Structures are given as C-alpha cells and as structure tokens.
Amino acid sequence: MKLEKIIEITRIKQEVKEVEETYKSVLPERIQSSTDAINFAKALIGDEDREVFLVICLNIKNEISVVHRCHTGSLNASVVHPREVFKAAILNNAGSILVAHNHPSGDCQYSNEDVAVSKRLMDAGELIGIEVLDSLIVSQKDGVSLRELGVI
C-alpha cells in the first residue's frame, strides 16, 4: 500500500460559547457534592422535552471548566458513545467529568441501559485517565446520583 499523502493534524478546533446569564446564577463555584451537580444539571436540562446528555468537565479543583451538550436524543432515548463524551474532556484538559442526562417524563428512575452506559464511560475514563465522578439523572423537579444510589 502506497501512501500518497500524509496529513498531520496540527490543530483541532472546537466551538466555544459563553454560558448564558440565566445559568450563571446556578453555576456553583466548585462541585462539592452530588447535590451541587444535580442542581446545576437540572437548571441546564431539567425542563428539556427530549433527552439531553451533558458532559460537565472539571479541573483538578472540581471547578466547572466546560459544559458540553454531547447529544440530544428522542423523548426516551439518547445514544451515547465514549468517544463523544471524552472528546470535550480531552480538548479542555479536564481532570475529571460528571455526566448527566434528563428524563423528560419527570421520573428519574434509572434503567439498566443508564447503568450500563455509565459503567462503560467509567471504564473508558479509567483507561484514558479522566475519572467519571458521577452519572446523574435529572428532571425539572428531581435528580438522582447513580453513585450515591450505589449502582455504579
């Protein structure tokens, strides 16, 4: 096989936009508990009418550096792949991440798929050195931490 052209990647561009003023009031200085993370995720995606999957990138002091809306799905499903989840974390030098998704139905009961995806992300994070601290499920009024529930 003959290589006709070798391409060197010298820059990967990402689009960055400022957090709207609406969300700045709920942005904690640092994530100190699952309650902090749940309240922040609820403010961002709790009232969405479709499932949205967020990646919350943290620096080594557990300060939120970037929030990535990784995927928007349907009414009751969202396809999540580790490649997409960790892309923002790697590009922004995250020390760790939190993942969160909403249940538009308002019921924050986790499914087997929620647990499986969370464990898969934790395994991938361990492999690349970016810890997944928690996986959250939120709705407009409620939220749960899969770590606190002991399922991950």
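1. A quick definition before anything else: a polar contact here is a pair of N or O atoms within 3.5 Å; within protein, one atom must be able to donate a hydrogen and the other to accept it, and residues adjacent in sequence count only if both atoms are side-chain atoms. With that in hand, look at serine 118: a polar atom of its side chain lies 2.8 Å from the backbone oxygen of aspartate 114. The side chain of serine 118 also makes a polar contact with the side chain of serine 135, at 2.7 Å.

2. Ground rules. This is a predicted model, where local features need pLDDT of at least 70, side-chain atom pairs count only at pLDDT 80 or more, and totals for chains, interfaces and linings use all residues. Residues are numbered from 1 along each chain as its sequence is written, and side-chain values use heavy atoms, with hydrogens and water left out.

3. The overall layout. The chain has 5 helices and 5 strands, and from the N terminus on the elements run α-α-β-β-α-β-α-β-β-α. Helices (H or I, at least four residues) and strands (E, at least two) are DSSP runs, numbered from the N terminus. Of the 152 residues in the chain, 38% are buried; buried means under 20% relative accessible area, exposed over 50%, and partly exposed in between, using a 1.4 Å probe and protein chains only. Contact means heavy atoms within 4.5 Å. Among contacts between residues at least 6 apart in sequence, 66% join residues at least 24 apart.

4. The sheet. The 5 strands form an open sheet with mixed pairing, in the order β2-β1-β3-β4-β5; two strands pair if DSSP finds at least two bridges between them. β2 (64–72) and β5 (143–145) stand at the edges with a single partner strand each, so one side of each has no neighbour in the sheet. On average, neighbouring strands are turned by 20 degrees against each other, direction ignored. Helix α2 (residues 34–45) packs on this sheet, touching β1, β2, β3 (96–102), β4 (131–138) and β5, and its direction makes about 55 degrees with that of β4. For the angles, axes are lines fitted to C-alpha atoms, for helices over the stretch in contact, and values run from 0 to 180 degrees between N-to-C directions.

5. β1 (residues 52–58) and β2 run antiparallel and are joined by 7 bridges. Leucine 58 has isoleucine 64 of β2 as its bridge partner, and isoleucine 56 stands opposite valine 67 in β2. There are 5 residues between the two strands of this hairpin.

6. Positive phi values worth a look. Most residues other than glycine have a negative phi. Asparagine 62, in the loop between β1 and β2, has a positive phi of about 65 degrees although it is not a glycine, and at 25% relative accessibility it counts as partly exposed. Asparagine 93, in the loop between α3 and β3, has a positive phi of about 55 degrees and counts as exposed at 69%. Just after α4, glycine 129 takes a positive phi of about 85 degrees.

7. The cores. A nonpolar core is a set of buried Ala, Val, Leu, Ile, Met, Phe, Trp, Tyr and Cys residues joined through side-chain atoms within 4.5 Å. The largest has 25 residues, of which Phe53, Val85, Phe86, Ile97 and Leu121 touch the most other members. At least two residues each come from β1, α3 (82–91), β3, α4 (112–128) and β4, and α4 gives the largest share, 5 residues. Leaving aside neighbours within four places in sequence, leucine 121 is in contact with Phe53, Val80, Pro82, Val85, Phe86, Val99 and Val132. Another core lies apart, with 16 residues, among them Ala41, Leu44, Ile56 and Leu98.

8. Helix α4, and back to the serine. α4 has 17 residues and reaches 25 Å from its first C-alpha to its last, close to the 24 Å expected at 1.5 Å a residue; the expected span is 1.5 Å times one less than the number of residues. Its buried residues include Asp114, Ser118 and Leu121, and the buried residues of α4 pack against β1, α3, β3, β4 and α5 (146–149). Serine 118 sits in this helix and is buried, with a relative accessible area of 4%. Leaving aside neighbours within four places in sequence, serine 118 is in contact with Ser135, Leu146 and Ile152.
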